[in-house]
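Colleague: I'm new to this one. Can you walk me through the fold?

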Amino acid sequence: MRAEGIVKSLDGSRCSVAVERKSACGENCAHCGGCSGGGVQICIAENSVGAGVGDRVVIEIDSGNVLKSAFLVYILPLLAFFAVYAVADGFFGQAAAGVCGAVATLAVFAILRLFDKRLGGKCASRVVEVIQ
């Protein structure tokens, strides 16, 4: 997956790149009303091409990493909810099982947040080109 952005700051071999988010509705957010617009996202990327602050660059992230991240954030919490719900339903009943499932879901999010902070220094994206 590739995206264009502007280098905002440098930190050794890494840089912060401001990337404009794309909307799912084809940049016509006023028409669909489903989102609040694109906005800007800051990405940390390996700066192997020597881009400087203010340069317009192309960053690339491996599609496999995107799919792994999507699985961890969207599917794993659902799996945790249903697994804990199924087990707890046999012991406590539906209402308590729902609460246990919700707690399991929140626990998965907390664990993912911990791992995200621990891996924060590792870059999943890299600058592949400086655009003139």
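**Overview**

Modeller: The protein chain holds three helices and five strands. Helices (H or I, at least four residues) and strands (E, at least two) are DSSP runs, numbered from the N terminus. This is a predicted model, where local features need pLDDT of at least 70, side-chain atom pairs count only at pLDDT 80 or more, and totals for chains, interfaces and linings use all residues. Residues are numbered from 1 along each chain as its sequence is written, and side-chain values use heavy atoms, with hydrogens and water left out.

Colleague: What pattern does the chain follow along the sequence?

Modeller: The pattern is β-β-α-β-β-α-α-β.

Colleague: And how do the strands run in the barrel?

Modeller: The five strands form a closed barrel in the order β1-β2-β3-β5-β4, with mixed pairing. From one strand to the next, the twist averages 50 degrees. Two strands pair if DSSP finds at least two bridges between them.

Colleague: Which sense do β2 and β3 pair in, parallel or antiparallel?

Modeller: Antiparallel, over seven bridges. β2 covers residues 14-20 and β3 covers residues 40-46. R14 has its bridge partner, E46, in β3.

Colleague: How many bridges join β3 to β5?

Modeller: Two, and these strands run parallel. β5 spans residues 125-131. There, S125 is the bridge partner of A45.

Colleague: What about β4 and β5, how many bridges there?

Modeller: Six, in the antiparallel sense. β4 is residues 56-61. V57 has V130 in β5 as its bridge partner.

Colleague: Where does the kink in α2 lie?

Modeller: At I75, shortly before the proline P77, and it is about 35 degrees. The bend at a residue is the angle between axes fitted to the seven residues ending there and the seven starting there.

Colleague: What follows α2?

Modeller: G93, with a positive phi near 105 degrees.

Conventions:
Axes fitted to C-alpha atoms, helices over the stretch in contact; angles between N-to-C directions.
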